[in-house]
Amino acid sequence: MLYDNLKDVPGLKPIMSKGAIYMLLGIQLDKFNDMNTSVAFMRRLAEEESVLFFPSECFNYPGFLRVVLSTSEETIKEISKRITEFSKRHYKG
């Protein structure tokens, strides 16, 4: 569901997991104002939308966020909405 909700959001590239309880969310960092790492993106997302993910630098895989999917459908819908609004607000195309 999260993949489907985010696949068309400019600047983001969700990567569908294959049976895991998480997925990766790629970020075109050059397309967002003042966010040149996934850590910076994650911090701003947490500050502005109260959504917190793991920056993939923790896993030596820069430019992505690791998103845990073990939550309710309602929560996934709300997270999708917040990420979409955040991305549209900061996307510079």
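1. The largest nonpolar core has 21 residues, and Leu 12, Phe 41, Phe 53 and Ile 83 touch the most other members. A nonpolar core here is a set of buried Ala, Val, Leu, Ile, Met, Phe, Trp, Tyr and Cys residues joined through side-chain atoms within 4.5 Å; buried means under 20% relative accessible area, exposed over 50%, and partly exposed in between (1.4 Å probe, protein chains only). Two or more residues each come from α1 (2-6), β2, α2, β4 and α3. The largest share, four residues, is given by α3.

2. This is a predicted model, in which local features need pLDDT of at least 70 and side-chain atom pairs count only at pLDDT 80 or more, while totals for chains, interfaces and linings use all residues. Residues are numbered from 1 along each chain as its sequence is written, and side-chain values use heavy atoms, with hydrogens and water left out.

3. Helices (H or I, at least four residues) and strands (E, at least two) are DSSP runs, numbered from the N terminus. Four strands make an open sheet in the order β1-β2-β4-β3, with antiparallel pairing; two strands pair if DSSP finds at least two bridges between them. β1 and β3 are at the edges with a single partner strand each, so one side of each has no neighbour in the sheet.

4. β1 and β2 form a hairpin with six residues between them, and Gly 19 in the turn has a positive phi of about 95 degrees. Four bridges link these two strands, and five join β2 to β4. Gly 26 of β2 stands opposite Lys 13 and also opposite Phe 64 in β4.

5. Helix α2 (residues 38-49) has 12 residues and should span 16 Å at 1.5 Å a residue, which agrees with the 16 Å between its end C-alpha atoms. The expected span is 1.5 Å times one less than the number of residues. Ser 38, Phe 41, Met 42, Leu 45 and Glu 49 are buried in α2. Seen down the axis, these buried residues fall within an arc of 95 degrees, so they line one face of the helix; the arc is that of the directions from the helix axis to the C-beta atoms. Arg 43 and Glu 47, on the other side of α2, are exposed.

6. Phe 53 touches Met 42, Leu 45, Leu 65, Arg 66, Val 67, Ile 79 and Ile 83, not counting residues up to four places away in sequence. Contact means heavy atoms within 4.5 Å.
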